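The sequence and structure are shown first.

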Amino acid sequence: QVSDGFDKTFEKAGSKSGKFVGDVGKNISTIGNTVLGASTAVGGYAMNLFMPYEDSMAKIRTLVSDDEIFDGLKTNVLNLSSELGMDAGAVGQAMYDGLSSGVSPENIAAFTEKMGKLAKGGFTEVATATDVVTTALNAYGLGIEDVDKISDILITTQNKGKTTVDQLAGSRGQVIPIASA
């Protein structure tokens with residue numbers, strides 16, 4: 001009888017330890033799949049952040065053929081992105097938009113920095129700020145030295161009116177070319 005009791009106890013212990021090992025195996029598998037899924041998601045997220053930057057730099061490259069100037073602009077985009085707390089792709093696109101509207105490579109970093117600050121103060125995107133300012137520059141035949149004046153007018157209008165630079169850009173972008181004519 002003692003032997004029977006011992007055998008049954010041993011079988012129960014063996015059964016429970018097998019279940020425990022099986023549960024541990026399932027948990028390890030679940031953790032592994034979770035980690036793999038998370039690393040895949042992070043990798044995909046990083047690629048989504050990186051691609052707009054690469055796209056904007058490819059656009060800038062179409063306007064700037066000098067390797068030394070282009071390398072400097074790449075560095076400027078990354079530095080401005082960090083300084084302004086903005087996506088490098090958005091900063092690069094703003095730089096491209098400024099260059100394509102006539103801002104010189106020598107002035108584009110300072111111009112893009114000002115557009116980033118205008119965007120933050122005007123509750124808009126840097127692309128929108130760049131668009132409204134370059135539209136005004138080109139429509140009125142103004143130069144890079146007038147960027148601060150245009151930005152000040154936009155911010156003053158925002159602060160004295162019931163509007164934002166974002167809203168002004170939407171309507172002024174359509175009105176400026178007509179008004180300048």
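## Overall fold

The secondary structure of the chain amounts to 7 helices and 0 strands. The model is a predicted one.

Of the 181 residues in the chain, 28% are buried. Among contacts with a separation of 6 or more, 58% are between residues 24 or more positions apart.

In soluble globular proteins, nonpolar side chains tend to be buried together. In this chain, the largest nonpolar core contains 34 residues, and Ile60, Met95, Phe111, Val133 and Leu154 have the most contacts inside it. At least two core residues come from each of helix H1 (2-63), helix H2 (67-84), helix H3 (88-100), helix H4 (108-121), H5, H6 and H7. The greatest contribution is that of H5, with 6 residues.

Residues up to four places away in sequence being set aside, Met95 touches Ile60, Leu73, Asn76, Val77, Leu80, Ile108, Ala109 and Thr112.

## Helix H5

The 14 residues of H5 should span 20 Å at 1.5 Å a residue, and the end C-alpha atoms of H5 are 20 Å apart, which agrees with that expectation. The buried residues in H5 are Val126, Ala129, Thr130, Val132, Val133, Thr134, Thr135, Ala136 and Leu137. After H5 comes Gly141, which has a positive phi near 65°.

## Ser151 in helix H6

Ser151 is located in helix H6. Its relative accessibility is 9%, so Ser151 counts as buried, the cut-off being under 20%. Beyond its neighbours within four places in sequence, Ser151 is in contact with Met115, Leu118 and Val133.

## The largest pocket

Rolling a probe the size of a water molecule over the atoms shows where empty space is left. The largest pocket holds about 230 Å³ of space. Its lining comprises 15 residues, with Ala136, Ile150, Ile153, Leu154 and Ile176 lying nearest the centre of the pocket.

Helix H5 (126-139), helix H6 (147-160) and helix H7 (165-180) each provide at least two residues of this lining. By class, the lining consists of 11 nonpolar, 1 polar and 3 charged residues.

Conventions: Residues are numbered from 1 along each chain as its sequence is written. This is a predicted model: local features need pLDDT of at least 70, side-chain atom pairs count only at pLDDT 80 or more; totals for chains, interfaces and linings use all residues. Side-chain values use heavy atoms; hydrogens and water are left out. On a 1 Å grid over the protein atoms alone, a cavity is a set of points where a 1.4 Å probe fits but cannot get out, and a pocket is an open set with protein on both sides within 12 Å along at least five of seven lines; lining residues have an atom within 4 Å of a point. Grid points are joined across faces, edges and corners, and a volume is the space filled by probe spheres set on the points. Helices (H or I, at least four residues) and strands (E, at least two) are DSSP runs, numbered from the N terminus. Ala, Val, Leu, Ile, Met, Phe, Trp, Tyr, Cys and Pro count as nonpolar, Asp, Glu, Lys and Arg as charged, and the others, Gly among them, as polar. A nonpolar core is a set of buried Ala, Val, Leu, Ile, Met, Phe, Trp, Tyr and Cys residues joined through side-chain atoms within 4.5 Å. Buried means under 20% relative accessible area, exposed over 50%, partly exposed in between (1.4 Å probe, protein chains only). Contact means heavy atoms within 4.5 Å. The expected span of a helix is 1.5 Å times one less than its number of residues.
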